[in-house]
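Reader: Hello! Could you walk me through this protein, one question at a time?

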Amino acid sequence: MDNEMEMDNIVSLTDENGNEVRFEFLDLVEYDGGEYVVLLPEGDDSGEVVILKLIETGDEETYAGVEDEEILHEVFQRFKEKYKDQFDFVDE
C-alpha cells in the first residue's frame with residue numbers, strides 16, 4: 001500500500017485494487033525492531049483498528065499488512081497500555 005499523509009492525522013492509502021481508503025492515524029508503535037502504525041478507518045463506527053507495518057525504502061514510506069497474529073496482538077497491547085486513560089477498550 002502506498003500512502004500520502006494529509007492534514008488532521010488523516011492518512012490516505014491506496015489498496016491492492018487501486019482504491020483510495022482513508023484512515024485516522026492514531027499512533028506509531030515500535031515492536032521487535034519494527035515500526036507499526038495503528039489506524040482507524042474513516043467513517044467506520046465499529047471501533048476496530050488496522051495495524052500495518054511501516055516499511056522505509058530510501059526516502060519513501062509504505063505500509064504492509066501484518067499476517068502474524070502474535071505481532072498484531074503485541075502491537076495492540078502496547079497501544080492499549082499507552083492509551084488506557086484516553087480510550088475505552090472492550091476486553092477481547
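Reader: Where does glycine 47 lie, and is glycine 47 buried or exposed?

Author: Glycine 47 is in the loop between S4 and S5; strands (E, at least two residues) and helices (H or I, at least four) are DSSP runs, numbered from the N terminus. Buried means under 20% relative accessible area, exposed over 50%, and partly exposed in between (1.4 Å probe, protein chains only). Because its relative accessible area is 54%, glycine 47 counts as exposed.

Reader: How confident is the predictor, and what should I know about the model?

Author: This is a predicted model, in which local features need pLDDT of at least 70 and side-chain atom pairs count only at pLDDT 80 or more, while totals for chains, interfaces and linings use all residues. Residues are numbered from 1 along each chain as its sequence is written, and side-chain values use heavy atoms, with hydrogens and water left out. On the pLDDT scale, the predictor's confidence in each residue from 0 to 100, 90% of the residues reach 70 or more, and the mean is 86.

Reader: Which loop holds aspartate 32, and is aspartate 32 buried or exposed?

Author: Aspartate 32 sits in the loop between S3 and S4, two strands that form a hairpin with 2 residues between them. Its phi is near 50°, a positive value in a residue other than glycine. Since its relative accessibility is 70%, aspartate 32 is exposed.

Reader: Which strands pair with S4, and in what sense?

Author: Two strands count as paired if DSSP finds at least two bridges between them. S3 and S4 pair over 8 bridges, with phenylalanine 25 opposite leucine 39. S4 also pairs with S5 (residues 50-57) over 5 bridges, where valine 37 has leucine 52 as its partner. The partners are S3 and S5, and the sense is antiparallel.

Reader: How many residues make up the largest nonpolar core, and which elements give two or more?

Author: A nonpolar core is a set of buried Ala, Val, Leu, Ile, Met, Phe, Trp, Tyr and Cys residues joined through side-chain atoms within 4.5 Å. The largest has 11 residues, among them Tyr31, Val38 and Phe79. The elements giving two or more are strand S3 (20-31), strand S4 (34-41) and helix H1 (69-82).
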